[in-house]
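Hi there,

Here is the structure I promised to pass on.

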Amino acid sequence: MIAAAAAVVLVLALGAAAGTVWWRHVHSGQGMLIPEGAYTGPQDVPPPGASSEGAIAPEHRFVAAVDPSGRFFLDQAGDPILVQGDSPWSLLTDVAPDDAETYFRVRAEQGFNAAIVSLVGAEANGAPSDDGATYDGVLPFGDEGVLDWNPPYWDRAHDYLRIAAERGVTVFLYPIDGWTVGHAFSPRDQGECRAFGEQVALWARDLPNIVWMTGGDYFPVTNEPEEGSDVDRCMSGALDGIRATGDDRPFSIQLGYQKSISSDNPYWADRVDFDFVYTYYPTYRAVREAYGRLPARPALFGEGNYDGLNLQPETPDTTDETLRRQYLWAVTSGSPGAFYGTADWRFEEGWPERLSRPGTTQLSRLAALVASLPWWELVPDVDGRLVTDGAGTEVQDDTPLDVLESDFATAALTADGSTALVYVPTARTIGLDVGAVAPQASSYWVDPASATAVPTELSASMTTPGRNSAGAEDWLLVVTTAELPGVS
């Protein structure tokens, strides 16, 4: 409740321009009271529209399950899949069909294989209005509420998700989020929440590219967090409905800013299949914290600072270096990939021309480099097995701190020492235990702005090579027995 009030005050204080930045941080519907009610089952689920006929290439891989180790995701064939995601929250309500095709085509060409999307619109998740209507006025629901579906809306939404599948993109889909509840999504009782979840799962049953999400800048309004609020119970009721159809695809919840981990909340800790890590602070702290929890779950870096958008007005602007640090801190701290976001999360005018940003290119190259290695075998070097000196100062608490204000070097290595990564965010000399890596491994300094790799001799004392191609001083040391792309 205090957090909700603070967010509203902040929006008012920042004025119209800054208010746009903080729009997603308004969550007035999260205290909605939803009475108990009998579960009556879903309504008739409309079949997908006739235009949902595109071919899904057999080589496309989707996030389908959590590995038994609890550390990463598997695709539909049971192989490790590295998440490289973007956050087009309002895609289902803000863009026309041709634009949806453009978005997924370009992102797939750039190497993105995942996207965060809200199923129902609200102003705070980027939609044109709080009634859930699309840009051209198509509403999701009829007069009888959340089980009274308007087929044109759901046909189009299905088509867009199918387009994503045809491009090899897994959609982390929010059937209920923290902004639509109490607005476009206003169930009359808890029974409708479960029925809605079942109805959504049946509607999406032919889509191979769905991971289930809920929450979204979510602050439960309750004095008994273990028991959950009415909204918590509605969201978990929707999950129960999804599971009742036999749908066992991974699920998690996104809690609130400025830092949160899904399992922070005692109501949700035993319900989530992976931890959605959300932090605007130096990324390694939250990811390492999630990675260290038991039982083990994937500690996925799901949201941080967006490209071209400063979500902490009291801190320096987000830069390409901010984005590189977030990504490389995440994957060297245990995250099985990462999500990226831009100022065009709500598809501002001219967004197609901004799909290719320098930050997009840099992160895509880094993701391709990481994917070429046995990344799923990497274990964060939290005990200094590899980096013995010069790591810098590790953030020890959640005091607000900009990403660029931490100099801590993070590392990860495989158990057999065949691959190791060390991300060094500022110029320095680091000490290494060379005995921790395989003697036949080669070593490289990788410029994180270009992903080009220069061979270097591995020693107990390694000094960063100076400024990288972007004029910054961050570098990635890669030690591996594998063949590394981008070697010059």
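The protein chain splits into domain 1 (56–378) and domain 2 (379–480), with bounds that come from an automatic or database domain assignment. Before you go further, please note that this is a predicted model, in which local features need pLDDT of at least 70 and side-chain atom pairs count only at pLDDT 80 or more, while totals for chains, interfaces and linings use all residues. Residues are numbered from 1 along each chain as its sequence is written, and side-chain values use heavy atoms, with hydrogens and water left out.

The C-alpha centres of the two domains are 30 Å apart. Where they touch, 30 residues of domain 1 are in contact with 40 residues of domain 2 (contact means heavy atoms within 4.5 Å). Between them, about 3300 Å² is buried, and carbon and sulfur atoms give 64% of that area. Buried area here is the accessible area (1.4 Å probe) that two parts lose on being put together, summed over both. On the domain 1 side, Arg288, Arg325 and Leu378 lose the most area to domain 2, together 21% of what that side buries.

There is also a polar side to this interface. It has 13 residue pairs in polar contact, both residues at pLDDT 80 or more. A polar contact is a pair of N or O atoms within 3.5 Å; within protein, one must be able to donate a hydrogen and the other to accept it, and residues adjacent in sequence count only if both atoms are side-chain atoms.

Which helices supply at least two residues each to the side of domain 1 that touches domain 2? They are α7 (283–291), α8 (320–331) and α9 (358–371), and α8 gives the largest share, with 7 residues. By type, that side of domain 1 has 13 nonpolar, 9 polar and 8 charged residues.

**Salt bridges**

The whole structure has 22 salt bridges, and the count between domain 1 and domain 2 is 4. The rule asks for a side-chain nitrogen of Lys or Arg within 4 Å of a carboxyl oxygen of Asp or Glu. One of the pairs found is aspartate 398 with lysine 259, whose closest N and O atoms are 3.3 Å apart. Another pairs arginine 162 with glutamate 166 at 3.9 Å, N to O; both lie in helix α4 (residues 151–166), 4 residues apart, about one turn of the helix.

**Backbone points to look at**

Overall, the chain has 9 helices and 23 strands, which are DSSP runs (H or I, at least four residues, for helices; E, at least two, for strands) numbered from the N terminus. Two cis peptide bonds may interest you. One runs from tyrosine 257 to glutamine 258, with omega near 0 degrees, and glutamine 258 sits in the loop between β10 (251–255) and β11 (259–261). Another joins leucine 294 and proline 295, with omega about 0 degrees; proline 295 is in the loop between α7 and β13 (299–303).

Best wishes

Conventions
Nonpolar A, V, L, I, M, F, W, Y, C, P; charged D, E, K, R; others polar.
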